[in-house]
Amino acid sequence: MAILSDYDEPEQNQQAPASPTSSLSFSVVLDPSNPLGLLESALNFLSQKSDVLKTDISGLVKEFKKRIKAEEDSIKAEEKRRTEEKKREEEKKRLRVPNKDNGLDMENHSWAQTLQEVTVTVPVPAGTKSRDVVCEMKKKSAKVGLKGQPSIVEGELFETIKVDDSLWNLADQKTVSVHLTKCDRMNWWKSLFKGGPEIDIQKAEPEPSKLSDLDPETRSTVEKMMFDQRQKQLGLPTSKEIANEGLMKQFMAQHPNHGNKNPNMSLSNVRMT
């Protein structure tokens, strides 16, 4: 309900003098359940006290639409931010901390990994012979078990492997070890099988003692990955971001007058290659 104020009521039987420069004001209480009521009150007031609604109000309508859209966009952006934040929290809770070998210890098997290979360890009954073991390794799947029995471990691998470079062996007649050579030797597996429990790869670390065994290119990639992981955990710039900043400083040094001509220039105006 609108409440008029700061308006002098004309004397009885007299018309209020028209004045193009006079100002009127009104106050209104916003009912959250009926927000359009505020707009209706404002329009009623304008129609009663001025001729503004008799003129072209397309500009006013556009401004209203612009403000409404800005508010809707703001609400959507906030909802998206909250959804993404909730998703990240749920993802963080779902991920498991890897074991000391960058894999997971499961009920009937365990798996470990380096950047080059994945090792699956499957306990079997004591006294098991090699001829009793069933081990199938394909590019995208693997299966381990005993003849005449359901598979102990079976599924679609998280990533592809090099079958010809993979092998298995039976240790002490009680443990089957399967060594799977990765096709992609630059990334960690989040899980042994697709759809299985996943680890937090941000907490996976190669053994420092083995870095020296890598070829120069692979070692450089591994060290870069480790550096970026630490930087992300600390909320600091990654190697790419640092490189881009260095290129920006180099560009400004080579073009000292460029910044004066374009004082509002930002990093986004410069394409980094």
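## A contact at His-109

The side chains of His-109 and Asn-108 are joined by a polar contact of 2.8 Å. The model that shows this contact is predicted. His-109 lies in the loop that runs between strand 3 and strand 4.

Is His-109 buried or exposed? Its relative accessibility is 13%, so His-109 counts as buried. The cut-off for buried is under 20% relative accessible area. Beyond its neighbours within four places in sequence, His-109 touches several other residues. Val-120, Thr-121, Val-122 and Pro-123 are among them. Val-153 and Leu-192 are also in contact with His-109.

## The protein as a whole

The protein has 273 residues, and buried residues make up 24% of them. Its secondary structure consists of five helices and ten strands. The accessible surface comes to about 20100 Å². Carbon and sulfur atoms account for 51% of that surface.

How much of the contact count comes from residues 24 or more positions apart? Among contacts with a separation of 6 or more, such pairs account for 50%.

Strand 4 covers residues 110-113. Strand 3 and strand 4 pair over two bridges, in the antiparallel sense. Within this pair, Leu-104 has Trp-111 of strand 4 as its bridge partner.

Lys-100 sits in the loop between helix 2, residues 58-94, and strand 3. Its relative accessible area is 76%, so Lys-100 is exposed. The cut-off for exposed is over 50%.

The side chain of Lys-100 makes a polar contact of 3.2 Å with the side chain of Asp-101. Lys-100 and Ala-112 are twelve residues apart along the chain. Their C-alpha atoms are separated by 8.4 Å.

Strand 6 spans residues 133-137, and strand 7 spans residues 141-146. Five bridges join these two antiparallel strands. A hairpin of three residues links strand 6 to strand 7. Across this pair, Glu-136 stands opposite Lys-143 in strand 7.

Strand 7 also pairs with strand 8, residues 153-156. Here four bridges join the strands, which run antiparallel. Which residue of strand 8 is the bridge partner of Lys-143? That partner is Glu-154. The hairpin of strand 7 and strand 8 has six residues between the strands. In this hairpin, Gly-148 takes a positive phi near 80°.

## Cysteines

How many disulfides does the count give? The count comes to zero disulfides. A pair of cysteine sulfur atoms would have to lie within 2.5 Å to be counted.

Cys-135 has a relative accessibility of 17%, so it counts as buried. Cys-183 has a relative accessible area of 33%, which means that it is partly exposed.

Terms used. Residues are numbered from 1 along each chain as its sequence is written. This is a predicted model: local features need pLDDT of at least 70, side-chain atom pairs count only at pLDDT 80 or more; totals for chains, interfaces and linings use all residues. Side-chain values use heavy atoms; hydrogens and water are left out. Two strands pair if DSSP finds at least two bridges between them. Buried means under 20% relative accessible area, exposed over 50%, partly exposed in between (1.4 Å probe, protein chains only). Contact means heavy atoms within 4.5 Å. Accessible areas come from the Shrake-Rupley method with a 1.4 Å probe; for residues, only the protein chains shown count as cover. A polar contact is a pair of N or O atoms within 3.5 Å; within protein, one must be able to donate a hydrogen and the other to accept it, and residues adjacent in sequence count only if both atoms are side-chain atoms.
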